[in-house]
There are 2 protein chains.
Amino acid sequence: MKIGIIGGGSIGLLFSYYLSGQNEVSIYTRTQEQANEINEHGLHLIKGGIEQGTSRVKAAPIKEWGGNEELTIVAVKQYQLPKLLPELKEKMRGSILFLQNGYGHIKLLSELAINEVFVGSVEHGAVRANGYTVQHNGVGVTRTAVFRGNPGALRELSSKAASGFPFILETDFKEMLIKKLVVNAVINPLTAILKVKNGELIHNPYYFKIFEQLFEECACILELPDKEQYFNNLKAVCEKTANNHSSMYKDIENRRQTEVDAILGYLLELAKNKNKKAPLIHNYYHCIKGKEHEREGA
Amino acid sequence: MKIGIIGGGSIGLLFSYYLSGQNEVSIYTRTQEQANEINEHGLHLIKGGIEQGTSRVKAAPIKEWGGNEELTIVAVKQYQLPKLLPELKEKMRGSILFLQNGYGHIKLLSELAINEVFVGSVEHGAVRANGYTVQHNGVGVTRTAVFRGNPGALRELSSKAASGFPFILETDFKEMLIKKLVVNAVINPLTAILKVKNGELIHNPYYFKIFEQLFEECACILELPDKEQYFNNLKAVCEKTANNHSSMYKDIENRRQTEVDAILGYLLELAKNKNKKAPLIHNYYHCIKGKEHEREGA
């Protein structure tokens, strides 16, 4: 299958590397420089501290993307999506898979006149080492689900998956994304503000109290049908990634913009629309926005 | 006047230094070592980075305190007070002035069969440099008020005050302590968790949102009669100490026990007794306790 991957961050590089074995992958990066680097060096993957080899993919800047591949995977941050949307609307012909966190992008997808629209939730841990090298730190799965249309391209992706990079086809895109949203809404801001690894949230009895309270607020606002199931999933993710630093922790640490708008910002808006109180979500949203503001001031 | 000062921390050293000019001061420290150091070197004060001179006071370990001075000033942390109380009850004869933060110690004072009981609220910034040297970083005032009895000793203290170390006699001890409690409840935990200087809480628009919300919760639980006055005072303190790190920030930074139980712990108990919700106070209480717990685990 011909696959286009938009975005040269950690997820874009990771998907390009693993999918290039069985597919013809083109990666589209924000800058011409990064595209040149990838074309020159190939894509490098580091796993367990060891260089895994090189994979050759075609790289070009995003403006050269023509929507001609059978499947386009959008691997930019949610806050970069609105800028990209006019181009997607204009050129897109094949199927499209969105890998953004949060739930706020769902309303943007309705605007697309594309037959096959899919969404995904990535459970891999990955860090971009440089423009053409990605570290695969936590092996997980990629969950995908149909937002609209025929799941053909997803089935093909899943059946041809490389070893160590599995895809799972879920039936309910909403449940899939909300589950990830809950995980991100609790683990990300708490670890970023308390400056701890994920596991501390359940192993430190005081932090666990906050963890529970923040989950309760999310559950209330999202009106989760089976609260316990979501809470168990949240705890399981925390346990499984106990020694990791969350993406928001790293974004704050490295003074980068975070995904807080897509995560807590979305929940805060939902709370407002539903006329529900969300004091902790409000608090952590402003903690993270304040940290981003500190960066701008410096 | 003969004055006994219990506690060899920053406040105990600061008061001993400034009061020794006009009074006969004895300082009582937790360890024999610190008493020896003070007796050997005298008390040193550093202000604006410059050594101000030496003051000779008598120093002894707390167990030698006999309650014989006309005024005893208790300058230990609130969490150290319960351990000291039996001794105070047994030996105390003169007047006594308590300088603890928070409001939780007020119920302990009722147990004392002492005629003259005073409370104080210290608005100086001071850091202990070593066992016999204190840095006077922020010049403020000491507010005092009568809890029970005749204000004679307070009047004398005030009239003989050293220049640069004024005392103000307040009429309402409760209002005085609550005002300080509100300041400590908002500025201390926020600066300690966000790792910022006091001024950031009002200059960073996102942090200011949290600042307002946390104040609102305190105001509601304390049923403040004139909310605006307390809020203006809080903002004024933040502005005046904009470049300072709060005591709780420094306690967390230096992995010391904080005064969170006397401050947010007191408010949390009050909220529980009044059946009021306090999600932010609950949150920041557990953030700080979690930080203290991290220290124990390491």
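Axes here are lines fitted to C-alpha atoms, for helices over the stretch in contact, and angles run from 0 to 180 degrees between N-to-C directions. The model is a predicted one, in which local features need pLDDT of at least 70 and side-chain atom pairs count only at pLDDT 80 or more, while totals for chains, interfaces and linings use all residues. Residues are numbered from 1 along each chain as its sequence is written, and chains are lettered from A and ligands numbered from 1 in the order in which they are written.

**Exercise 1.** Describe how helix 6 of chain B packs against helix 9 of chain B.

*Solution.* Start with the elements: helices (H or I, at least four residues) and strands (E, at least two) are DSSP runs, numbered from the N terminus. Helix 6 of chain B spans residues 173-194 and helix 9 of chain B spans residues 227-240; their axes lie 10 Å apart at an angle of about 60°. The pair is therefore oblique (under 35 degrees is roughly parallel, over 145 roughly antiparallel, 65 to 115 roughly perpendicular, and the rest oblique).

Next, look at the residues. Contact means C-beta atoms, placed from the backbone, within 7 Å. Helix 6 of chain B brings B:Lys179, B:Val182, B:Val183, B:Val186 and B:Ile187, which meet B:Tyr230, B:Asn233, B:Leu234, B:Val237 and B:Cys238 of helix 9 of chain B. Sorted by class, this contact has eight nonpolar, one polar and one charged residues (Ala, Val, Leu, Ile, Met, Phe, Trp, Tyr, Cys and Pro count as nonpolar, Asp, Glu, Lys and Arg as charged, and the others, Gly among them, as polar).

**Exercise 2.** Trace the open sheet of chain B and find its edge strands.

*Solution.* Strands pair if DSSP finds at least two bridges between them. The edges are strand 5 (58-61) and strand 12 (167-169) of chain B, each pairing on one side only. From one strand to the next, the twist averages 25°. Now zoom in on one end: strand 11 (residues 142-148) of chain B runs parallel to strand 12 of chain B over three bridges, and B:Thr142 has B:Phe167 as its bridge partner.

**Exercise 3.** Work out which helices of chain B supply the side that touches chain A.

*Solution.* Count first: 17 residues of chain B are in contact with 18 residues of chain A. Helix 6, helix 8 (205-222) and helix 12 (279-297) of chain B each supply at least two residues of the chain B side. Helix 12 of chain B gives the largest share, nine residues. Finally, the chain B side has eight nonpolar, six polar and three charged residues.

Definitions and conventions. Two residues are in contact if their C-beta atoms, placed from the backbone, lie within 7 Å.
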